[in-house]
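This report is written for a reader who meets the structure for the first time. Please keep the sequence and the model in view while reading.

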Amino acid sequence: MDQTLRDLGAAHAGSVGVLLEDGSEPGPAYFDVGSGSYVPSSTEWHAYDGRFGRPKAALLRGACACGWRGAAEYPLDWTVLDDQTPLYEADVDLAGPIADYQAHLTVVRDAAVPLPEPLTALLTALMENLETAAVKDPLVALKALADLRYLIAGVGADAALAVQVGRIPMKTVATALGTSEAAARRYLNSYRHT
């Protein structure tokens, strides 16, 4: 997948976030694997199990790459959890943080610019036709995709120029695309510099 499109989606990548006992959000947890210049790390919730000098999570919450953090906090009961066993092996209920993140995604999607129904229908039909061609006649599919890339580049350049000339704020562009300002800027620049 194109790096710019990957960036658009990654702007709202979700995770289960952690808070320590003092209410702070920890940095990456590091894993001592012996000598060497590379020290692996993780920000996955289960890395904060307090073992081997790593921080110990007190609360879980929904989190997103865009900076959003869920208001609801879900305590980890260390009186029940075995602090000698890796946290990923414990039976921890992640339904709350995941549901909160899903609600955040709904808000992001609802704020994005809706596509008109005729355009949605056209894109759906195009996808179905291309998928069929890819199986039945891959050369036709590849030719259609090449023509489509040419079309996309031209229309994308026109749209990016219209955003620039119209002085549409990057925050508005990001909200309309359902992504971060940095990803939206890279997306627009990908059309302006092709």
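## Basis of the model

This is a predicted model, in which local features need pLDDT of at least 70 and side-chain atom pairs count only at pLDDT 80 or more, while totals for chains, interfaces and linings use all residues. Residues are numbered from 1 along each chain as its sequence is written, and side-chain values use heavy atoms, with hydrogens and water left out.

Helices (H or I, at least four residues) and strands (E, at least two) are DSSP runs, numbered from the N terminus.

## Helix 3 and helix 4

Helix 3 spans residues 117-136 and helix 4 spans residues 138-165; their axes come within 6 Å and cross at roughly 140°. Helix 3 is therefore oblique to helix 4. The axes are lines fitted to C-alpha atoms, for helices over the stretch in contact, and angles run from 0 to 180 degrees between N-to-C directions. Angles under 35 degrees count as roughly parallel, over 145 as roughly antiparallel, 65 to 115 as roughly perpendicular, and the rest as oblique.

From helix 3, the residues Leu126, Leu130, Ala133, Ala134, Val135 and Lys136 meet Pro138, Val140, Ala141, Ala144, Leu145 and Leu148 of helix 4. Contact here means heavy atoms within 4.5 Å. The residues of this contact divide into eleven nonpolar, no polar and one charged. In this grouping Ala, Val, Leu, Ile, Met, Phe, Trp, Tyr, Cys and Pro count as nonpolar, Asp, Glu, Lys and Arg as charged, and the others, Gly among them, as polar.

## Cysteines

The structure holds zero disulfides, a disulfide being a pair of cysteine sulfur atoms within 2.5 Å. Cys64 is in no disulfide, and the nearest cysteine sulfur, that of Cys66, is 3.6 Å away. From the side of Cys66, the closest cysteine sulfur is the one in Cys64, and the distance of 3.6 Å is too far for a bond.

Cys64 is buried at 3% relative accessibility, whereas Cys66 is partly exposed, with a relative accessible area of 36%. Buried means under 20% relative accessible area, exposed over 50%, and partly exposed in between (1.4 Å probe, protein chains only).

## Salt bridges

A salt bridge is a side-chain nitrogen of Lys or Arg within 4 Å of a carboxyl oxygen of Asp or Glu. By this rule the count comes to five salt bridges. One of them joins Arg61 and Glu25, with the closest N and O atoms 2.7 Å apart. Arg61 lies in strand 4 (residues 57-64) and Glu25 in the loop between strand 1 (14-20) and strand 2 (29-30), so this pair ties together parts that are 36 residues apart in sequence. Arg61 is buried at 12% relative accessibility, while Glu25 is partly exposed at 41%. Salt bridges that share partners join Glu25, Arg61 and Arg69 into one network.

Arg51 and Asp49 also meet through their side chains in a salt bridge, at 3.0 Å from N to O. Arg51 is buried, with a relative accessible area of 18%, and Asp49 is buried at 3%. A further salt bridge links Lys143 with Asp147, where the closest N and O atoms are 2.6 Å apart. Lys143 and Asp147 both lie in helix 4, four residues apart, about one turn of the helix. Lys143 is partly exposed at 49% relative accessibility, and Asp147 is partly exposed at 42%.

## Selected residues

His12 is found in the loop between helix 1 (3-10) and strand 1, and is buried at 11% relative accessibility. Residues up to four places away in sequence not being counted, His12 touches Cys64, Cys66, Tyr101, His104, Leu105, Val108, Gly178 and Thr179. Thr179 lies in the loop between helix 5 and helix 6 (181-192) and is buried, with a relative accessible area of 8%. Apart from neighbours within four places in sequence, Thr179 is in contact with Asp7, Leu8, Ala11, His12, Ala174 and Ala184.

Lys171, in helix 5 (residues 170-177), is exposed at 58% relative accessibility. Ala111 belongs to helix 2 (residues 95-111) and is partly exposed, with a relative accessible area of 43%. Ala111 and Leu177 are 66 residues apart in sequence, and their C-alpha atoms are 8.8 Å apart in space.
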